Amino acid sequence: MASRRKIRWQFWVLGAIAVVLVLWVLFHKPHAKPVREHAVPVTAARVAVQDLPVSITTLGAAQAWTSDAIFAQVSGKLLRVNFTEGSFVKAGQLLAEVDPAPYRAALTQAQGMLTRDQAVLAGARVDLARYQALAKQDSIARQTYDDQVALVKQDEGTVLLDQGQVAAAKVNLGWTRITSPIAGRAGVRTVDPGNLVSAGGGASSVPSTSAATNNSSAPGAGGATGIVIINQIEPIAVTFTVPQGQFQRLVDLSDGFRKPLAVAALSQDDGASLGSGELRIADNRIDPATGTVELKARFANSGDRLWPGQLVNVQLTLQVLRNATTVPVTAINRGPNGSFVFVIGPKNKVAMRPVAVGWTQGETAVVKGGLKGGELVVTDGQLILKAGSTVRVMRLGGASAP
C-alpha cells in the first residue's frame, strides 16, 4: 500500500513538472537581440553659398582684328623687300620698293610741260592786257580782243591739266614706296626682289617693255595674292555664334550691347585659359539657315596666345548670381514629386529634402530654398537610399572623408 502511494506521488510530481515545462515553453518568449542597421557607403559634398558666374560655352575661332593684304599700286620691278617674314611691323613702316626711275622721269616730264604751259599762259595774259587797252581806244577790232580772252582761258585750262598730271606723277612716285597701313605681324611674302609686280596683284619674272602706268583703279585679278598679308593680333578678335533663343537675353543683359560682357577663350586641347576679353560686336541679322547670330569679342592678346584661324572654346559670361546656394549636379535626384536631395543629418541618417533647381552651370547646380550653406548632401550612392537610411561618408567633396 505504501509503495502504491509512493508511485502515485511520483507520478503527480512528474506531471506537475511536465505541466510547468509546457507552460514555460508556451508563454516564455526570449528577448530578441537588436539587429544592427547596415550603413550605406556614400559620397557627399557640402552645400556652398557663393557668387556663381552664369555663362554660355560654344565653339569659336580667332581672327585678326584687322587684316590687310598688301598690293603694289603701280607696276614695275620690285627692287627690295624691307621686312622680315613673321616679324612685327609698325604702321607706316616701309615694306617694299618698286623701281621709281620711270615714275621719277614721268614726274619730270609733267613738270616740264607745266612750266612750258605756264609761260605760254603768262604771254597770253600780257597780250590780253595790251588788247584790252587798245580796245578801249577803238584801235583794234572787238573780235581780236575776244579771241585773246578765249585764248587765255584755253591756256589756263592747259595749265590746270598739267598741274593734275604733275600731281598724278607725284602720287605714282610715292606709291613706289609700299608701307604698312596698320601695326601687326607680317606673313610669308609671295614675291621676291627682282620680280615684276603690278597694281592688279600679279607678279612675273619676265621683264616688261611697257611704259610705267598707274592701274591703281583696276581690280585685282583672280588669284592675285599681293606681296604680303599684315594681321593685327594685338588686339585680336574671336568670333562665335549663339542660338537665337539666347540672343535676346544677351541683348537685355548687355543693354543692347552697350555694356560689354566678359568672354574667355579656352584651349580645345586641355581647357587652359588663353585670355579674356569683352563682347563688342553683334551681327545685324540672324542666319535663317542655322538660327544663330554671329558675335565678335575683342581680346588684348598681349602674350600672343591667340593666333588667327585658331579654334577655341568660348565661355561668355552672362551674369553673376550673388550668394547663390549651390550643390554638385550629381546631388540632384528626380522623383514623381519633383527634384530632391538626400541631406545627411544627425547620427548619419538621411532625409529627403525637396529643392527647386534654378540654373545648372557645368557640374554645379543652383538651388532655390530647402538647403542651407554647410549642410551635407549625398552625391553618389543614392540608388539604395530611402528616408531614414544610415550612411557612411566615404569621400567628401572629392577627398577621402576623415
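**A charged pair and its surroundings**

Mentor: Happy to! Let's start with Arg125, which is partly exposed at 43% relative accessibility; that class lies between buried (under 20% relative accessible area) and exposed (over 50%), with a 1.4 Å probe and protein chains only. Keep in mind that this is a predicted model, where local features need pLDDT of at least 70 and side-chain atom pairs count only at pLDDT 80 or more, while totals for chains, interfaces and linings use all residues. Residues are numbered from 1 along each chain as its sequence is written, and side-chain values use heavy atoms, with hydrogens and water left out.

The partner of Arg125 is Glu156: their side chains form a salt bridge at 2.9 Å, N to O. The term stands for a side-chain nitrogen of Lys or Arg within 4 Å of a carboxyl oxygen of Asp or Glu. Because Arg125 sits in helix 2 (residues 101-136) and Glu156 in helix 3 (residues 142-174), the pair ties together parts 31 residues apart in sequence. Helices (H or I, at least four residues) and strands (E, at least two) are DSSP runs, numbered from the N terminus. Glu156 is partly exposed too, with a relative accessible area of 31%.

Helix 2 also holds a pair of its own. Arg130 and Asp127 meet in a salt bridge of 2.9 Å, N to O, and they lie 3 residues apart in that helix, about one turn. An α-helix has 3.6 residues a turn, so residues three or four places apart point the same way. Arg130 is partly exposed at 45%, as is Asp127 at 27%.

Elsewhere, Glu375 and Arg353 pair at 3.4 Å, N to O. This bridge links distant parts of the chain, 22 residues apart: Glu375 is in the loop between strand 19 (364-368) and strand 20 (376-380), and Arg353 in strand 17 (residues 350-354). Arg80, Glu97 and Arg177 form a network of salt bridges. The count by this rule is 12 salt bridges.

Now for the nonpolar side. A nonpolar core is a set of buried Ala, Val, Leu, Ile, Met, Phe, Trp, Tyr and Cys residues joined through side-chain atoms within 4.5 Å. The largest one has 26 residues, of which Phe240, Leu295, Leu306 and Leu316 touch the most other members. Elements giving at least two residues each include strand 2 (48-70), helix 4 (244-253) and strand 14 (311-328), while strand 10 gives the most, with 5 residues. Apart from this core lies another, of 19 residues, with Val74, Tyr103, Ile178 and Ile182 among them.

Finally, confidence: pLDDT, the predictor's confidence in each residue from 0 to 100, averages 85 over the protein chain, and 83% of the residues score at least 70.
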